[in-house]
Amino acid sequence: MKIIKKRSHAILALMLIVLVSSLALGQGGAPAPQQQGPKGAVIKGKAPVNKEVLKVKLPRAQETTLKNGLRVVLLPAHKVPTFTMQMVVLSGGLADKPDYHGLASFTATLLREGTAKRSSKDISEQVDALGATLNANSGLSSTTTNVTSGGLVENLDQTLDLFADVIRNPTFPQAEVGKYKSRMLAQLQSQRSNAQFLASEQFQKAIYGSHPAALASPPAESIKRLTTKDLADFHSTYYRPNNAILAVVGDVTMKELLPKLEKYFGDWQKADVPAIAVPPAPAQSESRIYVIDRPGSVQTVLQLGTLGIERTSPDYFAVLVADRVLGGGPASRLFLNLREDKGYTYGAYSNFGGSKFRGTWLSSSEVRTNVTEGAMKEFMYELNRLRNDPVPMEELENAKRAIIGSFALSLEQPNSLLQNVITQKIYNLPADYWDTYPQKVAAITVQDVQTAAQKYLDLDHLQVVAVGDAAKARAVLSKYGKVELYDAEGKPVTGSESNNNK
Amino acid sequence: MRRVSKFLSPLFVCALAVLSAQAQAPRNVRVDFKETTLKNGLRVITVEDHSAPVVALSITYNVGSRDERKGRTGFAHLFEHMMFKGSENIGSGEHIMLVFNNGGNMNGTTNEDRTNYFEVLPANQLDLALFLESDRMKSLAITRENLDNQRNAVQEERRLGVDNQPYGKSSERLQELLYDNFAYKHTTIGSMEDLSAASVEDVAEFFKMYYAPNNAVLVLVGDFKTAKALAKIRKSFESIPRQPDPPKVDMTEPQQKEERRDTLNDVLARAPRVALAFKAVPGNTPDFYALQVLAGVLQSGQSSRLYQKLVREKELVTNVGGFMDEKRGTGALYSTSTLRPGAKPEDVEAIIYAEIERLKKEPIADWELQKAKNTTRRNLINGLESSLSRAVTIGQYTVYYNEPGLINNRLDKVAAVTKEDVQRVANKYLVDTNRTVVITMPQAKPRPATSSTGQ
């Protein structure tokens, strides 16, 4: 049992440390004792806080390219004798054939179910005997596929051998494909017992319509349709060295690593890879409210959100800071208001994401059924407040210091450093992107936050999803607009009479 | 030569090097710590490490849900939430804001056997971390308003984790059925009724009894000079008065004589689930480590016997997993399988029992023993990477076993496990009369999707 359960946030990264207070954050001295803080917190201002923000600098990743075009990035980290390597194939779910949603995802998952020289069982036994991990996945609307393996550095050679084998020589045996399909179909059923899944499924559909990002899981018809040949074709088309980046972090030097990579990946054949057009997110429909009936629920899962930004948007830093003010962590408005002040929930957060198409900006919480109304009121209050009122200067500085200050902590998380490097590569961000990240955060103004809120927290197109006891949730939410009712299978329940004939 | 940060000294071990699969000698890492006890009984352990500009502070209190009395289940954890609602010099919620707004991270956690609090901050905020922890150890603000607020938050935590989740109540039932001694017979989250009954007097009494310096271990890891940091720790904590030692909890767990079994109907579940537990031994004992190896062979990873049999070969379950639970008192080996539509719990049980019989009759394979040891080694080593994880782990080992050095020698204890040990503990603990089984069946609950009124 924890005091808070934090959702994952992409945190930054870097290295090297110089103690400087060049960033004018958190100036202004300690507030007076007993000063009232934001809703849900009382600020006495007596604790000793060092106003200097530790400035940290990104470690330079070492880079090289093999003759076949495979780009290699290494971040040495010698504290403990382990490593993680990630093959980023620059094609994912967005490359799925029409009506074959899940093709990239299945291809990835079935890599380890058999190669030219190893059976599924061989691979499992060998990976586990090394104490290693080997996983592969691709999202239904992802631009990439990731194959990741971590292990003990004394086993680097054997782990690389397995890693390269599943990436280069998978056979997608028919029997394994069949087993996997039947297991996936069973999981499609059992995931519907999870209230958060039902909420996300509806929310994504509401925002994305017919865009691939509307799908929370592959449709059963797509799963049934897939064959060994489909997977093998996808693999041979997209898994090519010139369409991939190999990122490695750990207790290894480039001098040690390079000959091994030449051995395992040097003769991997390059090929022309078709370019995939990224479909833009659709125009947003008017604001809608969806209630999903989940019999037996004692909480309402509330998700409210809008279309956000692309990862490369010039508004990225304004949204980053605005999101931190709104609900990016436990020191943010939603948590302090809905939990610390009202006691409606165990947690209330917001988050945003974006890739090569616009992502979402989502606020969410799980609240006991009889405070659904109060929770909705506070969500709307906070969304409106961020849009209508300038964020107080001290709160803005706190949000920025929270983001910049956490750079120091990320130095102990080599894998998060690696993810930053990968992000910079995938989105073609400037080489000094992470070096200058703190300055970009520090430059965000009160006006920037409000402008971002008004632009992206577009309440005319706000989509609201509530999963729980429909009878109660519907009565509350109908005060905010017309409610569309769905059952837990995701099917619309039409009209008030139709509820008995599901 | 590899670069090694100052606090980690390279240590070559030969135990694993003999395995033919190892290409190079494995390097081990060691955490050098310094132990001090303040005059008021607070144990202090420091690990100086300049590899990143970070300090991690953990305080582990020797109290958990095992210390709760009947009628107050869930109280230790509810109390933990109160620790974030302010003290003499810190306002309600200010702790959370101070840590996160300075780029840090923090949390508090409660289990059966201990309660811990921790924060990790940029290294120039050491004074802040010490102030936050000492102020609340010294002067917790106990008000009815704060209690009601966090009671609500904790009851939502229970709804989120138990009452609104498929199988939530089954896990709770398994624990109640498995144990006889009240200490472990109830869950840490507690019952709604007991949470509602907790009073401010309970909070004040609990604080005085358990949140005393002589009932806690402070661990500081990170970028500081030990002598200077120790002086600061003394200044912040040494004046907090010692309290009488809290009462010892009787952890005696009687021998189980026959199988225990229950079936629950769950309106939230879509697939049947089989959950098993075999009552076993406390953590950090030779049999515990042998049972950990056994659990890995049986059900960890895709190479495990139950995954191969139940998921792949027989196609009866969508997933299977489990672990040997580490407790100060009697722990148990757990195994949980989620069934596919149409599969029968009794068929799944029969296969699990057949696999357990095989563990009793035949030694495990070389690669299986190697898997258990390598996996443990990797997990333990990765746990040494961050300051926070070291601070939390050392605190736990000290409160659990009075053995902070376990952070360095735990791997040896796992490496000492033999195939014969695995076979022996299978025969000793994985027996029918020592088994507790909870089956969950999905319950259809047809119900109108809309009804006339709102409440």
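In what order do the six strands of the open sheet in chain A lie? The first point takes up this question.

1. The model is a predicted one, in which local features need pLDDT of at least 70 and side-chain atom pairs count only at pLDDT 80 or more, whereas totals for chains, interfaces and linings use all residues. Residues are numbered from 1 along each chain as its sequence is written, and chains are lettered from A, with ligands numbered from 1, in the order in which they are written. The six strands follow the order S11-S12-S10-S13-S9-S14 (chain A), with mixed pairing. Strands are DSSP runs of E with at least two residues, helices are runs of H or I with at least four, and both are numbered from the N terminus. Two strands pair if DSSP finds at least two bridges between them. On average, neighbouring strands are turned by 15° against each other, direction ignored.

2. Within this sheet, strand S10 (residues 299-307) of chain A runs antiparallel to S12(A), and nine bridges join them. A:Gln299 has A:Arg368 of S12(A) as its bridge partner. H9(A) packs on the sheet, where it touches S11 and S12 of chain A, and its direction makes about 170° with that of S11(A). Such angles run from 0 to 180 degrees between N-to-C directions, with axes fitted to C-alpha atoms, for helices over the stretch in contact.

3. Chain A as a whole contains 16 helices and 14 strands. Its radius of gyration is 24 Å, close to the 23 Å that the globule rule gives for 502 residues, so chain A is as compact as a globular protein of that length. The radius is taken over C-alpha atoms, and the rule is 2.2 Å times the number of residues to the power 0.38. Of the 502 residues, 55% are buried (20 or more other C-beta atoms within 10 Å of the residue's own, with C-beta atoms placed from the backbone).

4. Helix H10 (residues 333-341) of chain A is largely enclosed by the rest of the structure, because eight of its nine residues are buried. Among them are A:Arg333, A:Asn337, A:Arg339 and A:Glu340. The buried residues of H10(A) pack against helix H9 (316-326), strand S11 (345-352), strand S12 (360-368) and helix H11 (372-388) of chain A, together with helix H4 (144-163) of chain B. After H10(A) comes A:Gly343, with a positive phi near 65°.

5. The largest nonpolar core has 157 residues, of which A:Val291, A:Val321, A:Ala322, A:Val449 and B:Ala391 touch the most other members. A nonpolar core is a set of buried Ala, Val, Leu, Ile, Met, Phe, Trp, Tyr and Cys residues joined through C-beta atoms within 7 Å. A second, separate core of 60 residues includes A:Leu75, A:Val89, A:Leu134 and A:Ile245.

6. At the interface, 92 residues of chain A are in contact with 97 residues of chain B (C-beta atoms, placed from the backbone, within 7 Å). Helix H12 (residues 393-410) of chain A gives the most to the side of chain A that touches chain B, with eight residues.

7. In chain B, B:Asn116 belongs to strand S7 (residues 115-122). B:Asn116 is buried, with 23 other C-beta atoms within 10 Å. The C-alpha atoms of B:Asn116 and B:Gly395 are separated by 8.2 Å, although the two are 279 residues apart along the chain.

Note on methods
Two residues are in contact if their C-beta atoms, placed from the backbone, lie within 7 Å. A residue is buried if 20 or more other C-beta atoms lie within 10 Å of its own, exposed if 12 or fewer, and partly exposed in between; C-beta atoms are placed from the backbone.
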